Amino acid sequence: MTLLFRGPGKVPLTLNVNGEDVAVLVEPRRTLLSVLREELSLTGAKRGCGRGQCGACTVIIDDATVYACLTLAIDCEGRRIRTIEGLTDGDQLHPVQDAFIQEDGYQCGFCTPGQVMSAVSLLEHNPHPTEAEVRDAMAGNVCRCGAYPNIIRSVLTAARMVESTKEG
Amino acid sequence: MPTIKKTKVEFEGRIEEREVIVEEEHIERWARDATMQVVGKPTPRVDGVARVTGRAVYTYDVQLPRMLIGRFLRSPHPHARIKSIDASRAEALPGVVAIWHHDNPPPIAHLEGREVFDEELAYEGAEVAFVVARNERTAEDALNAIEVSYEPLPFAYNFETATADAAPDVLTGVDNWIRREGDVYERGDMQAGLSDADVVVELAFSTPVAAHCCLETHGSVAQWEGDLVTVWHSTQSVFGTRSSVANALGIPMDRVRVICDYMGGGFGSKWGAEAYTLMAAVAARETGCPVKVMLSREEEHLVAGYRPGSQQRVRLGAKRDGTLTLIEQEARVATGAYGGDGPVIGGPANDLYRCPNVRTVVWSARANTDHARAFRAPGYVEGTFALESAMDALADKLGMDPLALRMKNYAEISPARNEPYTYKGLRRAYEMAAERFGWADRESRLPREEGPWRRGWGMASQIWGGGGGPPANALVKLLPDGTAEVAVGVQDIGTGTKTVLTQVAAEELGLPLEAIRCVVGDSLPAPFGPGSGGSVTLASAAPAVRSACREALRQLMALAAIMLDLADADVDDFTVQNGEIVYTPDPEKRLPFTRAAAKMGNYMIVAKGARGPNPEDKAINTFGVHFAQVLVNVETGQVRVERVVAAHDIGRVVNPLTATSQVYGGVTMALGYATTEARLIDPDTGLQLTANLEEYKVPVMADIPQIDVLFVDEADVEANSVGSKGLGEPPIIPTAAAIANAVFDATGVRVTDLPITPDRLLPLLVKARAEQ
């Protein structure tokens, strides 16, 4: 096993973000969140707390949600990073996004990108979640405005929309 | 033409008669049974796509070329004096652009009469130094490299310690008391109220310090172009920010533009310019680069305000039949080192029930914390918890149904103002909620016991203002392709203001929602609008939008009349139906809206509208009732709220979809207040123990009960031309009492100290069992 020590100065990284390889030059101490926001101008993911307590920075890496505020960018090389900006296909919204609009699954909207990413990941692993499974899977995303009942509805509606697309 | 008028304006429990400049509205009120195309229909937000795609730009997301980052070094002590500061190591770091502090003050060093960098630091988190650096990491490195020597001073961290004999000065040389005599409201004769009573209950309560926890922390970005400054500010008041920035910087108002396009929650804590706003503006001017300052989550807890905790006592007297003879409420609050009078905790006691003899008093004092701020229904949340818990205790003592006791003391006219209401639908709300909840047969529907769990049911009522008033203005432009721009000087803090104002404009103009672009949250294009507080936004701004749209249509109708060869016709004889301008005396004469607009070419119709005055000698209030069902584990003290039914009277509901969201939000925030949330301060160090989102426990999805939301939905036609009142605050008011009352119903234990955590409840349960 080779241990690779890099830093403390800036090091070149190649990150795969929303299907594209991007090269950045950043200090090893940089979080994925700060690199996404400041280097790549992907400001959808938010910092609500900076210590993994609110979920506003949730992105999907490979097939799992992570808190981008607790993830070092340097640890993400060779992995597939998905952010809210990569969800839409042109102007075509992802069913989860559509459902959040229909069901008013937000209020101020600051936590919404994180909520949406958690919901997308949940439905990828469990296309037909029960309400209890939604509550459990999304308990890591704080919504201080208290849009929770409509967020639950949004996820359940999105599950039905995905299903009907498949049938159609 | 504008005129000067006296009008009564209510704001967060305080009623003021103000002289305001108003324009008489030449507009018919929307009738109670008016047929509506858009208003009253569940309408998804007009800016939904921006919100779900991450494209919505919050202050936190503003990124500008050459932008620098500002951060504060803050006091690690609850009370201290700076002995010395050495910033030389920090200044030498590459990427550090500027540092200001007490020994090197910024060119503009005062904000609202206070030094930004004072020698005396009166609370944990007080500003010690400000660093501007190329990026956040460098700014943080610099903060760590500043060496400060502090002289710790004695401190008082709450009301009790600040008002004790021999309490230390919270602020050197300043009286710790703010209102030593108390803020008193009184009517009737308390002695008579007591002697008339057959039954008296008296209880003591305490409520926690509650933190707003806006998910977007407080922050500003400032950019100068010459002598013009643009400030992006996460705020509930773009106009309040404009004037406070202009005042603090000593520059004319027209040099300042304030933008708040999207904002991540305020709940009462985000108003005008603060130290971070001023320092962003000063630093941007001095460095020639845009500067952004966002508080960290910890700073948000330390310096961004809170609902003050309270110690309360309530005494109620009643006749055997439940008729109230006496309401007495006392409250003690600490509002911080630089705090104000404190909230109107006695508001609900003064105004919710018909009772001849009422006395309420709030004493306030300083303490070594940051200052308390308005927090969603300030005072009313704390006051209603105590009042409505006491009402429940009274019902229990009288052997009366809690709902029947409320009905018995129903106020047909405003008790505090002794004036009729424009409309009051609380009785209807009681009926709707009781029916949906199954209040009458609650005992027979579900078991009282499930293993260690005991089930109980409780309810509580609520009163609030939310009538709004002048001044509020709107500007409408009709464009040649038949679309319209509506600019209003309010902001959408997440409640859906932009959407409901678009609905009102669409309704009035007879255009589809898609043909209207509503601009809020920008002080430059929009005429003045009020801050988003006191639940006033909709009731203030929507009538102004209607009025501006009506004026724009009158101008368009005058042109349409000429186009239809009806030059002498009265413009009021035209209406817009399905996109066509129709001459009502002869409906054959019609013209598509788009054709009339196109004919204008580049002549643009620009119309302004203003909010008319409130009716004289009438009280405008909002009302509601919450019913709660809880399970209490008598072995662990755990409380699980199973269900809340909320019914609210807010006049006409413009958008049932977003209105329902407001109620979910209020109930959820109240659930945290009732069961989990408290800002804790260590008595030995005076430092916060809960300055993060893990130890300060806000509700998460797993905690949320089933919430049923009902609206009386009767237009309050006397209140304003739209018939709507505010909803931001009402739904957080009654929930905590409803939950506590349900806990009592389940266990026979009345918890009078919030939050109802297992460590509080379990000893009470054990004690009650021992006494059985």
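**Two chains in contact: a predicted model**

Good morning. In this structure, 45 residues of chain A are in contact with 43 residues of chain B, where two residues are in contact if their C-beta atoms, placed from the backbone, lie within 7 Å. Helices H2 (95-103), H3 (112-125), H4 (131-137) and H5 (148-167) of chain A each supply at least two residues of the side of chain A that touches chain B. H5(A) provides the largest share of that side, 5 residues. Helices (H or I, at least four residues) and strands (E, at least two) are DSSP runs, numbered from the N terminus.

What classes of residue make up the side of chain A that touches chain B? There are 22 nonpolar, 14 polar and 9 charged residues. Here Ala, Val, Leu, Ile, Met, Phe, Trp, Tyr, Cys and Pro count as nonpolar, Asp, Glu, Lys and Arg as charged, and the others, Gly among them, as polar.

Please note that this is a predicted model, in which local features need pLDDT of at least 70, side-chain atom pairs count only at pLDDT 80 or more, and totals for chains, interfaces and linings use all residues. Residues are numbered from 1 along each chain as its sequence is written, while chains are lettered from A and ligands numbered from 1 in the order in which they are written.

Let us turn to chain A by itself. Chain A is divided into domain 1 (11-85) and domain 2 (95-167); domain bounds come from an automatic or database domain assignment. The centres of these two domains of chain A, taken over C-alpha atoms, are separated by 22 Å. In chain A, 15 residues of domain 1 are in contact with 13 residues of domain 2. On the domain 1 side of this contact, strands E3 (58-61) and E4 (64-67) of chain A each supply at least two residues. E3(A) gives the most to that side, with 3 residues.

I now move to chain B, which holds 19 helices and 33 strands. Its radius of gyration, taken over C-alpha atoms, is 28 Å, close to the 28 Å that the globule rule gives for 772 residues, so chain B is as compact as a globular protein of that length. The globule rule is 2.2 Å times the number of residues to the power 0.38. Of the 772 residues of chain B, 60% count as buried. A residue is buried if 20 or more other C-beta atoms lie within 10 Å of its own, exposed if 12 or fewer, and partly exposed in between, with C-beta atoms placed from the backbone.

Is helix H15 (537-563) of chain B enclosed or exposed? Of its 27 residues, 21 are buried, so H15(B) is largely enclosed by the rest of the structure. This helix reaches 38 Å from its first C-alpha to its last, close to the 39 Å expected at 1.5 Å a residue; the expected span is 1.5 Å times one less than the number of residues.

In chain B, 3 strands form an open, antiparallel sheet in the order E8-E4-E10; two strands pair if DSSP finds at least two bridges between them. Strands E8 (120-121) and E10 (147-152) of chain B are the edge strands, each pairing on one side only. E4(B) (80-86) is joined to E8(B) by 2 bridges, and B:Ala80 stands opposite B:Leu121 in E8(B). Thank you.
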